[in-house]
Amino acid sequence: MIEFHQVHKAYPVQGHTITALHPSDLRIETGQVFGLIGHSGAGKSTLLRLINRLEEPSGGRIVIDGEDITALDAQGLRRFRQQVGMIFQHFNLLASKTVAANVALPLQLAGELGSSEIASRVSQLLQRVGLAEHAHKYPAQLSGGQKQRVGIARALATEPKILLCDEATSALDPQTTGQVLQLLAEINRELGLSIVLITHEMDVIRRVCDQVAVMDAGVIVEQGPVAQVFLHPQHATTQRFVRESEHVDEGEQHDDFAHVSGRILRLTFQGEATYAPLLGTVARETGVDYSILAGRIDRIKDNPYGQLTLALTGGDIDAALARFRAADVHLEVLR
Amino acid sequence: MSESLLATWLPNVDWQEIGYASLDTLNMLGGSLLFTVLLGLPLGVLLFLTGPRQLFEQKALYGLLSLLVNVLRSVPFVILLILMIPLTVLITGTSLGVAGAIPPLVVGATPFFARLVETALREVDRGIIEALQAMGASTLQIITRALLPEALPGLIAAITVTAITLVSYTAMSGLIGGGGLGDLAVRYGYQRYQPDVMAVTVILLLVLVQVLQTAGDKLVVHFSRK
């Protein structure tokens, strides 16, 4: 478990102080995929780097599995960092070393294994990320997605308990992004390690994360389970991220359907309820007519969800609302 | 036939003397390049590490090293040759010949090479240093396992440029009795006005520079993985 207790970070820039992270508390349970989302400059990168102390906190305590890592000396910090893997937006592979040598590097630095053990560990890792046949190539000969796979193999080499992902898919095309996210989810499931990732895309959060924290101007403005935050965003920043992920532009969203008659409501389905034929049933039983004004049906991690904005006209609208309230859906009456 | 032709065209050239002078030049070059790299590489690494926004940012130390390097680089090499004579005698026991030439050559070239090393290291992506830190690498490991291997093509290019600079410096060391092809060019070609000797030495120096540059370029390509 990763705990932040009133951790903050400020640094001087040309005479005045910039606060990258205001005093923040955070709890990341072991085995979770935890997403941090924010625009550039929101402080998410700083927060991520505080976890392995690439950034030194200006104050507060960071406790990981009961150990106060803010109190570690240089030696202790190096040993701690060997238990925390990290992957990067631009991969940060050594151009002068082969794929296999890049993956072997953290093991050589740790100096605990002999060269034959390192070689067999490296081939296992490359197998896992699907790059066994590229072991003797140099990074420049690989595609972006392959480079990130090497980065992941390298980060996993020392069998870390935490994996930090710094915008790991931001430099990749959509298809490759999907493959890398799938690999991360698989690693999380099979190895049980905690993953903390930062991104500016809500879609990345939706696809792999269990929990999410939204950052804005050095403050965590909203956090919780992904389904909760994604389907019922409270803070303006979160709402904007959700809209961006649906490719809805601001103007469209401000349209409150003034020209549409009838009651307007939003239904949110999750899990099996997504597939229940609720709308048709209610319409038939209460005689209301419905038109769908906006909607999305997709998955959050592995769970299906649907969210529909409806206009109801005619029939017994109160009875219809009562039926929706009684059903396994979340109902908001917008008008 | 060919010998008589050479004798006609190059009446003053004593080929044995040219041979000795060439050997002296190569010895001066080899010896001074070796010590320049041995001293300049750590100095360059130190300049890099203590530089602005680097791993061991040390404003005062960096300022001091930087000043020292700049002072040595701004002294004309001819003056350095003469200023160095007492120190050279202290180190090698003589200020003459190949042994006497090497200390001033090293002192002249080391600051130049150290700057080139600093620049080559700065070319290494900062993300690589961060990745190594995140792996728990010590600073020494970061330097030996990442910075130097990643900068290798740049370092080879720096050694090439330095070697060629040293070739022209060796020619000047003829002034203080350093020997070598440059010395020959000055004593016979210039002072005794024997243009054939001048031409032969210059051509040999040109060949040497050409060989160094080509070999350096080949090595840079060989070690480049980008």
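Residue B:Thr160 is located in helix H8 (residues 139-173) of chain B, helices (H or I, at least four residues) and strands (E, at least two) being DSSP runs numbered from the N terminus. The structure is a predicted model, in which local features need pLDDT of at least 70, side-chain atom pairs count only at pLDDT 80 or more, and totals for chains, interfaces and linings use all residues. Residues are numbered from 1 along each chain as its sequence is written, and side-chain values use heavy atoms, with hydrogens and water left out.

B:Thr160 counts as buried because its relative accessibility is 8%; buried denotes under 20% relative accessible area, exposed over 50%, and partly exposed in between (1.4 Å probe, protein chains only). Residues up to four places away in sequence aside, B:Thr160 touches B:Leu212, B:Gln213 and B:Gly216, contact meaning heavy atoms within 4.5 Å. The buried residues of H10(B) include B:Gly216, B:Leu208 and B:Val220.

In chain A, four strands form an open antiparallel sheet in the order S2-S1-S4-S5, where pairing requires at least two DSSP bridges between two strands. Strand S2 (16-28) and strand S5 (67-68) of chain A each have a single partner strand, so one side of each lacks a neighbour in the sheet. Strand S1 (residues 2-13) of chain A pairs with S2(A) over nine bridges in the antiparallel sense.

Notes:
Chains are lettered from A and ligands numbered from 1 in the order in which they are written.
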